[in-house]
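New notebook page today. I'm opening this structure without any background and jotting down what I look up as I go.

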Amino acid sequence: MRRDLVDMAVDYEAAAAFTFDGARALDRYRREGRETEAGERAFKLVRALVPVAKHVTARMAVETASYACEVLGGNGYVREFVTPRLLRDAQVLPIWEGTSNVLSLDLLRALDREDAHEALLPAIRANLDAAEHPSLDEPTATIEDAFAGLQESLAHLAGADGEYAQLQAKELANYVFDVYTAALLVREAQDRIDNADDARKALVAKRFVDTRLREPDARGVTAGERFLIERFDAVVRYAPVAPTTLVESASADD
Ligand SMILES: Cc1cc2nc3c(=O)[nH]c(=O)nc-3n(C[C@H](O)[C@H](O)[C@H](O)COP(=O)(O)OP(=O)(O)OC[C@H]3O[C@@H](n4cnc5c(N)ncnc54)[C@H](O)[C@@H]3O)c2cc1C
């Protein structure tokens with residue numbers, strides 16, 4: 001259960017980071033229009049981020065609401081509890097205002113017609129470059145590999161026929177979410193270390209990267225990793241974490 005709660009907290013923070021970044025870009029585009037260079041960049045970013053945000057967060061809401069029923073056991077299923085209503089309410093999210101497939105096709109359209117990658121890729125690069133603290137070295141190296149893969153995928157699909165591009169559209173939307181969010185989270189972690197001397201967000205970034213961008217041997221079962229137990233209070237109860245302790249534990253692991 002501790003594992004599940006950590007991952008739900010990490011999912012929630014990842015979704016919030018991505019969505020608010022999209023909202024920031026939308027705000028900038030609305031203020032500046034497409035006349036300025038920054039406004040044009042914001043427009044392209046919005047075109048890529050909005051369909052991905054809606055697709056990923058809607059599916060996440062269904063999965064999280066469904067699991068919330070299970071967390072409360074039999075009670076969570078019966079109508080007297082709030083959870084069945086949350087699940088039913090969540091189920092509409094991936095359907096109205098664009099289903100997952102239709103939103104994934106919209107991402108392809110944004111890349112093809114509006115060159116959205118011209119804003120998307122530099123934004124990921126800038127966030128990765130901002131992550132300097134040693135506690136972020138390991139997740140950032142993994143994100144760099146995934147970022148290279150994402151760029152390769154975009155170049156490949158740009159030259160592919162339409163049917164093949166559509167076949168890969170949802171995979172691409174999920175890939176964009178994972179890489180973009182991972183880079184955002186290490187950037188947020190760096191900001192938090194700089195401004196509050198707190199590395200809790202670095203743990204959130206690490207867990208996101210471990211679950212989304214890594215494929216550990218034997219699915220991690222043999223790794224002996226107890227992160228989810230040791231860091232439960234930090235991630236789920238927002239206990240602050242001294243940045244030096246993460247660097248010390250990383251060098252002890254080496
Ligand atoms: C509670 C509720 C309120 C609503 N309110 C409004 C409203 O106020 N105004 C309004 O205009 N509409 C409204 N709608 C309609 C809603 O926007 C549509 O139901 C939604 O856009 C999905 O379209 P559809 O029902 O035609 O399903 P379809 O588009 O037929 O989708 C069915 C399935 O086919 C898939 N699919 C569709 N096209 C493709 C494709 N090209 N490639 C691959 N897969 C595809 C979808 O992903 C989905 O899995 C509402 C719907 C609900 C449930």
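Predicted model: local features only at pLDDT ≥ 70, side-chain atom pairs only at ≥ 80, totals over all residues.

Among contacts between residues at least 6 apart in sequence, what percentage join residues at least 24 apart? I looked it up and got 74% for the protein.

Entry on the fold. I went through the secondary structure and found 13 helices and zero strands.

Entry on size. The C-alpha atoms fill a box of roughly 50 × 50 × 40 Å along the principal axes. Buried residues come to 36% of the 254.

Entry on the core. The largest nonpolar core has 58 residues, and Leu107, Val176, Leu185, Val186 and Ala205 have the most contacts inside it. I then asked which elements give two or more residues to this core, and listed α1 (2-32), α2 (37-71), α5 (100-113), α6 (117-130), α7 (137-158), α9 (169-196) and α10 (200-212). The largest share, 14 residues, comes from α9. I followed up on Val176: leaving out residues up to four places away in sequence, it touches Ala48, Val52, Leu107 and Leu150.

Entry on the ligand. Around it I found Val92, Ile95, Trp96, Glu97, Gly98, Thr99, Ser100, Asn101, Val102 and Leu105. Sorted by class, this shell has five nonpolar residues, four polar and one charged.

Technical notes: Residues numbered from 1 in each chain as written. Core = buried A, V, L, I, M, F, W, Y, C linked by C-beta atoms within 7 Å. Buried ≥ 20, exposed ≤ 12 C-beta atoms within 10 Å, placed from the backbone. Helix = DSSP H or I, 4+ residues; strand = E, 2+ residues; numbered from the N terminus. Contact = placed C-beta atoms within 7 Å. Near = placed C-beta within 6 Å. Nonpolar A, V, L, I, M, F, W, Y, C, P; charged D, E, K, R; others polar.
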